[in-house]
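Please find below my notes on the two-chain model you asked me to look over. They are set out as numbered points, to be read beside the structure itself.

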Amino acid sequence: MQLTIHAKGEDANILSFLLAKHPERLYEKEHKGHKVRLFYQTFTPNEVKVTIYVVLDAISLVRDSGEKLDITHYINDREFAVSSLFLSLIRSSLATALNGLPKEEYLPYVRQVFQFSYSFGPVNTDLSVENLRELFSPLGFTLSVQTETKNSPLYVTVTGETTLQKGLRQLFILIPVIDNYKHYFIDEKEAEKLQRFGEGWLDDHPQKEWIYKRALKYKGLLDDHITEHIKVEKEKKQKGLNQLRYEKIIEIIQSKPHLRKIIDMGSGEGKLSTRLGFLPNVSEIIAVEPSERETLKAKKRYAKAAENPGFLMPMQKWGSVFYYDDGLKNKDVFILCEVIEHIAEEKLHTAMQLIFQEYKPAVCIITTPNKEYNTLYQLGESMRHYDHRFEWTRAELLAWVEKMTDMYAYKASISSIGEVDHKRGSPTQIVVFEKEVMV
Amino acid sequence: MRRRITLPNAGVVLLVGPSGSGKTTLLQNLVDSGQIKDSEILSSDKYRKIVADQEYNSVESTDNKMAQILFEQYQRISKEAFELLELTLEARCRLNKCSFIDATNINSDDRKKLISIAHRHHLPISAIVLDIDLDTLLMRDNERVFPRGSKRIKQQMKRFQYHKRYLKTEGYHQLHMIKELNHSVEIERMDEVPPIDVGAGIDIIGDIHGCYTELLHLLEKLGYEENEQGLYTHPLGRKFLSLGDIMSRGPRSLETLLFFKNHVNNNLAYMIDSNHGWKIYRWLKGNQVTLQHGDELTAKEINQWLATYSEEEQKRLKDEFIQFLGDAPAHYIIEDKGVPMLVCTHAGIKDEYIGKKSQQISDYCRYGESSSRMKDGIPIRDEWYHHHTGHMTIIWGHDPRPYPTTINSTINIDQGVVFGGKLTAYRYPEKSFVAVDALKNYNGVEHNPIIEWKSKRLLPPNIQALIEGFRIQMEEFEDVSVKGKYVKPVIGSLSTADTHFGQLVYLPPTMSPVPIPSQLPDYLEHPIEAFKYYQDNGVNQLIVEKKHMGSRGILLIFKNEEVALNYTGISNLGAIYSRSGKRFFKKDIEERILTVIQSSLKENDYFGKYETDFVLLDCEIMPWNLKAQDLINKQYELVAESAILDRKILDQALNESMVENQWLKENEEKLERAESFQKVYEKYCWEVSDIDRIVIAPFHILAHSGRVYHENPHTWHMTHVEELSNICSIFRRTEYLLIEDESDWKQVINWWKEITEEGHEGMVVKPNQFTVWEKGKLLQPALKVRGRKYLQIIYGIDYLEEKYLERLKKRNTKRKQKLALQEFSLGIEALNRFVKQEEIGRIHECIVAILALEGDEVDPRL
């Protein structure tokens, strides 16, 4: 990780005072085992070239990260890439320049404009070179990159007329925006200080909102309402179909008042179970989920729902349809809402056997995507979710349902959820299996 | 006059009689004539001496008060003496010893106390009563060194006579009354449960239930031959032993009974008591019993048979049966070189019952015991065998299971032949099982334990038995416990895996690197430390195998879909999965690979040659990028390119530096290392355009039908791999070298250096024997020694820099080693359970345990 500052222009050698670094000495400073080094390559009255780089202590880098480690943490581009980590390590060495506070006699030069080139790298980014230009051009820089192949790390040079302080401050904001890494190593205090660096230019930047969005990774850097806005937008798209599924399931349950004990298998973060908790006839909800993250989310959701009157707290169970659980036997409703398409077909077979032969619910409700509808989403051949093992057409679902009703003492009906396309059906299909009563 | 008294080898014998009746003399004679041991006598006088330095003190005095005080003193001493005596007696009872109580024992209450001790330990109690007339006693007392005095003798005599009447009702196994002074007693010692010496070997047979044909098949399979008298004898002199329940339910109970009666009487076989045997015994004796559970069939057979005889003959035959069944002991102990190795019982036994005999023990051995208790609100079925400790193996039947089940040094060999299962024999000293299939199911479908087992075998694992943590008891290894907090994420992860639980039958253990870092300055790991580890543990013959750099994969391939369905519950050819239990390839690619392998194996009659329905292989699957492409792109490639770019550009800049410095040289070295790093992993990657570019290197043949190969030497495994690689080109051999002793070390080290300098990962050092124990502890089954270059992709590009290496050498592999052993044990246990076709849940708990152990926070670089 390195940054080379190349300045041309009359009195360019004043830079050594603005940086407070002697041109004929090597600068080295140690911080937690990491070494910050600075040296000059050129130093003439009209031209100065100076490089600052960091030799990272790889071991203490790992030790500081404070998370549960897997093997990938040890081989890490953080040791090399310019990033917020790099910036936080060199910041105090460049403090004089960043703060614009050299010795009093050089103060006037803080605002002195030179012809600057800032070169830094390696840069690991998911942004295109075009994206990078969109970031730097409005600030008056031209940008060039050096790289091996299309996906290789970049060495970036931005050139333009600016002051040392302004140029550095802009880099201190934009480098973390470019870097595509989760920022493990930055604390909130750091973020506040960095916010200062945006003063006077960031507000006018045409990519301002986008820079903020990328900088979301910094806690506290962004106003809360912007975060909220982005989140709401994202949820809006999803909501429609989910809502319809839940409504349909609830409609089925409410149409038969004797259905009181419900299992929500694969309950995820508990959205459906929360709704079920408000149904008047329901006397028991068992929400089964094997993921820790989702279980914790659901727990919060239920606790919040419980603040309202008339909420029946779902019982959370750790498990899945691949494990037998005595407590799931002979309930009224067994729901698999958007679950089966996540199951490999061999395993699904065994799971259905468990449900229909051991658990024997009165009703089993299953929802799953209709593959035919994917064309309308312009998904091409790909599935709706990376974790889907399959998506069925209406005919495929029908064939499967018929196989089930042949094997087990259940009858079934299929219907649609969501807007129906006359050619391709609805986005979601729903099957209701009902236990056949022996006459 | 001579008296012949039969006494148990283990038990309590009370001597009863007033002072001077000759108790001590009688015992001393027995000691002198070598019939009993001195140490078997617990004498109250001796205990008085132990606690108070005096055997006896006179309580006679003219002064009443003085006499009272002396008596009080005597009582205090006696109290302490008896307490100590009883403690000793209890200890001896626990150890199954015989004890003669040399005290007056004239009070019935005193005797009852001792009787209850004997009962508590299920030992027989006898009494030898010396009923001598008063005149003789008084005369003898006068001759003593410390006469007790006539007053006390008279008192004692009075009490003795008074309490004598209770003797008959106190419940002695034997009561001997001796009235003459000059008696001579001869003792005959008897074992309560006489141990069987293993002799030429013994074959223990599970519940037969009248399956006479199967019994004869089994005996023939075991090598027994019918002689002219119709008796089955073994050419080597082996004997067979039945665990009882030889009759009822099945078709030919009478013949089986006659067969055993005959063989037991001819000293060719043994049979122990059992619930059905006891029922038939009582029925024959004319007791009121309800004949059910097939006993009615036995009774019918016997009645029909008896009807062909005269009344007199009938009585004789009946009595013979009664004698035969009544004599069957509750359990047998089998000794090998005088050491009790096996206990054979029908339904179960408690450890403290072993070697003893009582009504209670007999009942326990006939019916066993199981109860339910609650632990943390969860009912736990508490079977007797969970409480067995120690190394004596208990062989039992009664409770049919589809396969011999080993739990906690107990082995159940009732495989429900009468229910259509198998008739099993356990051979000792071979410790092997031989079984024959039932010709048919004689018991119908209802309440058929074997059919119930089979139908339930493929049920999904019960989550309640796993989720809060659990403990696994293993056939060959120490128990392993896993905590709920580690289990939960595993359940989550396995729930998203595509591998069907029926196919997920093994996961490979983690492997420890060399436990001690290299003593050489520029190496972190070096083979010499691995060789020394094994040498220090007494293992010289080692195998070193080249470590392929790919991804670990488990390969399960069945002969055909039908047998697969039977084993796993799904009918496909098998599965290939990673060490986390996830499907290794996409489904269609997996199918293609399995098809290629299976058809090659079939063409070469592999399944026929090895008489197996499947083969299970532990492999490395290459190239590395098959599984690791994402990791390579996002991690290694990016890191390498970043490092090289960074260091190259810095190199130019430092070259232009105005001030001369060391940084340039330092950076040059770093650049070199970055370039070497890039070459390391490039070697492990190649493009896979089709499955013919995939290479599978098996290194353990884990299992075939009914067999787990963890005791076959690695050289066997390597030869077998060679055979596989000749059969199917997807399989690759693994290069290896053998080490016989220290002189081979150097050559192996050179080889290691050579291949690792080329960038190969390194090698694995294993004892050729596969599973090795040293002083009762399992040794590491393998240690990895990774190359210097390879370790760059583990520890970082610059790990060999002195400042890093110094810190890295402080690494601790203890935890890793422990995990490696536990996971190894669990893997073998899973295999054992799989080849026996135990329930999926029993196999799955091992899998969950391995993954849960992997969830432990251990440095992943080890």
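1. B:Pro623 is found in the loop that runs between strand 29 (614–622) and helix 19 of chain B, where helices (H or I, at least four residues) and strands (E, at least two) are DSSP runs numbered from the N terminus. The peptide bond that joins B:Met622 to B:Pro623 is cis, with omega about 0 degrees. A cis peptide bond also joins B:Tyr428 and B:Pro429, with omega about 10 degrees, and B:Pro429 sits in the loop between strand 21 (422–428) and strand 22 (432–437) of chain B.

2. A word on conventions: residues are numbered from 1 along each chain as its sequence is written, while chains are lettered from A and ligands numbered from 1 in the order in which they are written. This is a predicted model, in which local features need pLDDT of at least 70, side-chain atom pairs count only at pLDDT 80 or more, and totals for chains, interfaces and linings use all residues.

3. How many residues does each chain bring to the contact between chain B and chain A? Chain B supplies 47 residues and chain A supplies 50 residues, two residues being in contact if their C-beta atoms, placed from the backbone, lie within 7 Å. On the side of chain B that touches chain A, the elements giving two or more residues are helix 14, helix 19, helix 23 and helix 24 (802–808) of chain B. Helix 19 of chain B gives the most to that side, with 13 residues.

4. Helix 20 (residues 663–682) of chain B has 20 residues, and the distance from its first C-alpha to its last is 29 Å, close to the 28 Å expected at 1.5 Å a residue; the expected span is 1.5 Å times one less than the number of residues. Its buried residues are B:Trp663, B:Asn667, B:Lys670, B:Arg673, B:Ala674, B:Phe677, B:Val680 and B:Tyr681. Seen down the axis of helix 20 of chain B, these buried residues fall within an arc of 125 degrees, so they line one face of the helix; the arc is that of the directions from the helix axis to the C-beta atoms. On the other side of helix 20 of chain B, B:Lys665 and B:Glu672 are exposed. A residue counts as buried if 20 or more other C-beta atoms lie within 10 Å of its own, as exposed if 12 or fewer do, and as partly exposed in between, with C-beta atoms placed from the backbone. The cover over the buried residues of helix 20 of chain B includes strand 3 (34–44) of chain A, together with helix 19 (625–655) and helix 23 (792–795) of chain B.

5. In helix 6 of chain B, the buried residues are B:Ile153, B:Gln156, B:Met157 and B:Phe160. Viewed down the axis of helix 6 of chain B, they fall within an arc of 105 degrees, so they line one face of the helix. The face turned away from that buried side carries the exposed residues B:Lys151 and B:Tyr162, and what covers the buried residues includes helix 5 (134–142) of chain B.

6. Helix 14 (residues 484–496) and helix 26 (residues 840–854) of chain B pack at an angle of about 110 degrees, with their axes 8 Å apart. That makes helix 14 of chain B roughly perpendicular to helix 26 of chain B, a term that covers angles of 65 to 115 degrees. In this packing, B:Tyr486, B:Val487 and B:Val490 of helix 14 meet B:Val848, B:Leu851 and B:Ala852 of helix 26.

7. A:Asp11, which is not a glycine, has a positive phi of about 60 degrees; A:Asp11 lies in the loop between strand 1 (2–8) and helix 1 (15–19) of chain A and is partly exposed, with 13 other C-beta atoms within 10 Å. B:His398 has a positive phi near 70 degrees, again in a residue other than glycine; B:His398 is placed in the loop between strand 18 (393–396) and strand 19 (405–407) of chain B, and counts as buried with 22 C-beta neighbours inside 10 Å.

Terms used. Axes fitted to C-alpha atoms, helices over the stretch in contact; angles between N-to-C directions. Parallel < 35°, antiparallel > 145°, perpendicular 65-115°, else oblique.
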